[in-house]
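Colleague: I'm new to this one. Can you put it up and walk me through it?

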Amino acid sequence: MMSDYLIPLMVVSPIVFGILLNFLHGGRVRFAAVAFGVALMLTVLLASYGQHHFGGYGRIDGLAGGIIYSYSGHHLPVFFMLSLIGLSSILAYLGFYRRESGVYLGFIFLSLAGAFAVLLSDDFFNLYIFFEVVIISQVAMAVAGGGVSSYKSALKYLLAGNFCGNCMLLAVALLLSIAGSVNIADIQDAVAPLHGGSGLFLLACALSVYAWSYAGGLYPFQNIKSALYASAGPHASALMQAQTKMVLVAVALVLLRIYSAVAGLKELMMGVGALAMVLGVVMALRQDDYQRMLSFHAVSQAGYVAIGLGIGSAVTVAFGIFHAINNMVYKSALFYGCEVMKHKGGGTGFSGLGGFMRGMPFFGLLMLSFKLAISGVPPFNGFQSKLGLMMGALEAGWWEIMVLMLLASVLTFISMMKSFHLIFLRPFEGEVAGGGVPQAVWAVLIALFIMQVVLGLFPEIVLEPLMPLAHHIASLGGGGSV
Amino acid sequence: MQYASLMACAALFMVGAYMLFRKDHLIKKVLGLVFISDSVNLTLISMSYNEGGVVPFNLPGVLGPGGAGSMGYPLPMAMVLTNIVIAVATVGLMAALMIKIYRREGSLSASRIWDDE
């Protein structure tokens, strides 16, 4: 049995870091938070591929004897990006907020631990536990944003999250009654002879899909999710949306592995994805607050990912995950930019923003590149993933979905250019001074810019490690409808 | 599995869902969620039931002639314990948020609080 202790350390270390940060104050919090962020990134890079069996249990009577974490090639780009966004959010927080809180930083690490565990776990119950950990820590981060509106949106998010979490646990219970195990590979083996025909199995599938749509902020949860993003500090929203994309991917892969024989599953996944994509971008166009607009775009982009995974062909699964990674890059950068505007302009409402291009031209150009990337304009990474998704949809015979994606991209472009005009180009009475942006934030924005260009020009860096997984997932359901 | 306890699970879930979706008061909504969580826990416990079985502890004199096969299935019990901890954390956080909202708004009516947004 191959075992690498760096695999569980990816989950254990951020939990320990989070606990330690609770006890630190002042300058030590700053140093420790950055050091822990770097250490987490190094753990991700140094871990070798394989499995870790907790407790060292092997298989007992043909079933997994304990919790198993699997770390493969497709995890690396995802984990690297997630740890990078985690570190970037910490740097943005420390750069802009003078009264740093160890408790708040602790929740950032706890949320990272949750997201890593959801992706690593080969155990459905363990996945559910860390799904709840992600929800609770995201709520804590949003509440730290302050103000009664953050309390209201956090409570709504928590109520919905608790209900969906219970739906997921009920699905786990039903699968346990069928398979006698909560290990995903064991469940897969046990449900294969059912061919999607058992009532309990179908009920478990429906409950899991409902929980998944919450996890990804898809229809009907798009407003709840975007309200949470909008009420948190923008650096926290950046991290939350990145985690959401990863949890969306992780749960979708579990759904495809377990329920691939259920007729209509993929169409359902595509449907909720398409609704989130269209409703998200339409709602974004109506917003008069920049952070709220970005929040709806985050939901809309999650729709693309869900569509890619829902179509279920090797191409769309790979490009769906690639789009999730790309989205982590440019969407996080846009939220960090929003943090800059919030501190320089005194708020994020469009009515109070303007004239940024004159005072901060380099910042304006950087933001323009991220806006072009999210709209799917070449040579940035968003173009590659959106093109791949559209081509994949067309290949799979879903031309209607392809047209919807194209339409949503055009609307995203319009929305992004509208906000660029209002914030950067519009003549504004108040003067925006050039200085005051922490150097760490500049470094983060430039690093993300380089990353989006590199991924746009060389998408194979990420696509190659994703392809084995994509082929495996496609082979389960044969691609398209079952 | 015990069908009587599964019926109780379904009833608890429906009562909880009714309170969550139909009641306006936030405390009633949270209580509804507690009912739902309890119904899921009960479902899990029902699955570990083994007629004539013994508790899953390997103590001297506990195991009958059936050996380990006479034990109840311990996995769902461990899962329920974990879920109770999660539920306590979530309900605690919801209660804290409700206190904050009540202090600012003077009400715990969901329609009033969320219609303001």
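Colleague: Which side chain does A:Arg30 meet in a salt bridge?

Modeller: A:Glu100, at 2.7 Å from N to O. A salt bridge here is a side-chain nitrogen of Lys or Arg within 4 Å of a carboxyl oxygen of Asp or Glu. This is a predicted model, where local features need pLDDT of at least 70, side-chain atom pairs count only at pLDDT 80 or more, and totals for chains, interfaces and linings use all residues. Residues are numbered from 1 along each chain as written, chains are lettered from A and ligands numbered from 1 in written order, and side-chain values use heavy atoms, without hydrogens and water.

Colleague: Where do A:Arg30 and A:Glu100 sit in the chain?

Modeller: A:Arg30 is in helix α2 (residues 27-46) of chain A. A:Glu100 is in the loop between α3 (75-96) and α4 (102-120), so the pair links parts of the chain 70 residues apart. Helices (H or I, at least four residues) and strands (E, at least two) are DSSP runs, numbered from the N terminus.

Colleague: Is A:Glu100 buried or exposed?

Modeller: Buried, with a relative accessible area of 19%. A:Arg30 is partly exposed, at 25%. Buried means under 20% relative accessible area, exposed over 50%, and partly exposed in between, with a 1.4 Å probe and protein chains only.

Colleague: How many salt bridges are there over all chains?

Modeller: The count comes to 3. One of them joins A:Asp122 and A:Arg257, at 3.2 Å from N to O. A:Asp122 lies in the loop between α4 and α5 (124-143), and A:Arg257 in helix α10 (residues 234-259), 135 residues apart. A:Asp122 is buried, at 9% relative accessible area.

Colleague: Which residue of chain B does A:Lys152 pair with?

Modeller: B:Glu105, with the closest N and O atoms 3.6 Å apart. That pair crosses between chains, from helix α6 (residues 148-179) of chain A to helix α3 (residues 74-105) of chain B. A:Lys152 counts as buried, at 6% relative accessibility.

Colleague: New topic. How many helices and strands does chain A have?

Modeller: 19 helices and 4 strands. Its radius of gyration is 21 Å, close to the 23 Å from the globule rule for 482 residues, so chain A is as compact as a globular protein of that length. That radius is taken over C-alpha atoms, and the rule is 2.2 Å times the number of residues to the power 0.38.

Colleague: And what share of chain A counts as buried?

Modeller: 63% of its 482 residues. The C-alpha atoms fill a box of roughly 70 × 55 × 40 Å along the principal axes.
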